[in-house]
Amino acid sequence: MMLEAACGPGHVCGVDEAGRGPWAGPVSAAAVILDPARVPKGLDDSKKLTAKARASLEIEIKQVAIAWCVGLASVEEIEDLNILHAAGLAMRRAIEGLCVQPAMALVDGNYAFKLPCGVKTVVKGDSLSCSIAAASILAKEARDRIMVEMDAVYPGYGFAGHKGYHAAVHVEGLRRLGPSPIHRMGWAPVKLALAGELGSGDLALGDAAFDDELGA
């Protein structure tokens with residue numbers, strides 16, 4: 001909690017998002033104000049934790065945090081704003097939803113979004129700040145649940161497994177079924193699917209070739 005303490009008086013929330021890179025589904029963000037005397041053990045970047053550890057920590061974070069909230073930005077908002085600014089919108093909603101308003105937000109990354117409090121960006125913050133790590137866990141767990149639910153609504157794409165990211169079953173689903181209502185129509189692989197040009201060989205391109213919607 002050294003970064004939080006260095007922000008001075010007032011509550012400090014950690015903020016992180018989940019779901020910038022997927023081809024489908026919303027982007028989520030969480031804001032968490034931790035009690036320095038009740039910091040859960042084992043907090044880390046959500047991507048470095050097992051699913052079991054994330055699930056356990058999500059419960060504990062919600063139990064001991066001074067305040068927490070998860071915000072979402074829809075597929076439609078991603079299309080209207082681009083993914084960068086949609087992520088910022090989700091962050092703003094998360095902070096505005098806190099029952100205790102913070103004086104400062106520690107935000108993972110290097111982009112200073114306009115948020116309803118002071119902002120300090122922290123590169124690799126989910127590995128350096130307990131508050132940001134807690135937010136990364138809540139954001140990922142919330143979005144993963146949504147994608148599991150969407151798998152039942154839109155079967156055939158494998159959303160429950162890959163959560164909307166690049167995977168062989170996802171490419172095959174797009175080729176066979178075309179995009180679903182929760183696909184991000186501006187994403188390159190979805191555009192290829194709409195044009196009937198997404199081939200199995202496109203699997204070799206990997207996510208990096210398709211991440212053309214990161215706010216550029």
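Predicted model: local features only at pLDDT ≥ 70, side-chain atom pairs only at ≥ 80, totals over all residues.
Okay, let's start with one term: a residue is buried when its relative accessible area is under 20%, exposed when that is over 50%, and partly exposed in between, using a 1.4 Å probe and protein chains only. Residues are numbered from 1 along each chain as its sequence is written, and side-chain values use heavy atoms, with hydrogens and water left out.

So, serine 136. Buried or exposed? Serine 136 has a relative accessible area of 2%, so it counts as buried. You'll find serine 136 in helix 6, residues 130–153. When I say helix or strand, I mean DSSP runs numbered from the N terminus: H or I with at least four residues for helices, E with at least two for strands.

What does serine 136 touch? Leaving aside residues up to four places away in sequence, the list is Asp16, Asp44, Asp45, Ser46 and Asp126. Contact here means heavy atoms within 4.5 Å. The side chain of serine 136 also gets to the backbone nitrogen of serine 46, at 3.2 Å. That's a polar contact, meaning a pair of N or O atoms within 3.5 Å; within protein, one must be able to donate a hydrogen and the other to accept it, and residues adjacent in sequence count only if both atoms are side-chain atoms.

Two strands pair if DSSP finds at least two bridges between them.

Now strand 1. Strand 1 (residues 12–18) pairs with strand 2 (residues 27–33) in the antiparallel sense, over 5 bridges. Aspartate 16 stands opposite alanine 30 in strand 2, and alanine 18 has serine 28 as its bridge partner there. Strand 1 and strand 4 run parallel and are joined by 4 bridges, with cysteine 13 opposite alanine 105 in strand 4.

How many residues of strand 1 are buried? It's 7 of the 7, so strand 1 is largely enclosed by the rest of the structure. Val12, Gly14, Asp16 and Ala18 point one way, while Cys13, Val15 and Glu17 point the other.

On to the rings. The whole structure has 2 aromatic pairs. Rings of Phe, Tyr and Trp (its six-membered ring) pair if their centres lie within 6.5 Å; planes under 30 degrees apart are stacked, over 60 edge-to-face, and the rest tilted. Tyrosine 111 and phenylalanine 113 have ring centres 4.8 Å apart and planes at 55°, so that pair is tilted. Tyrosine 111 is partly exposed at 35% relative accessibility, whereas phenylalanine 113 is buried at 7%. Then tyrosine 157 and phenylalanine 159 make a stacked pair, 5.2 Å centre to centre with 20° between the planes. Tyrosine 157 is buried at 5%, and so is phenylalanine 159, at 0%.

One more ring: the charged end of arginine 184 sits over tryptophan 187, 5.0 Å from the ring centre. The rule there is NZ of Lys or CZ of Arg within 6 Å of the ring centre and within 35 degrees of the ring normal.

Most residues other than glycine have a negative phi. Asparagine 82 has a positive phi of about 85°, and asparagine 82 is in the loop between helix 3 (75–81) and helix 4. Lysine 163 has a positive phi too, near 60°. Lysine 163 is in the loop between helix 7 (159–162) and helix 8, and lysine 163 counts as buried at 16% relative accessibility.
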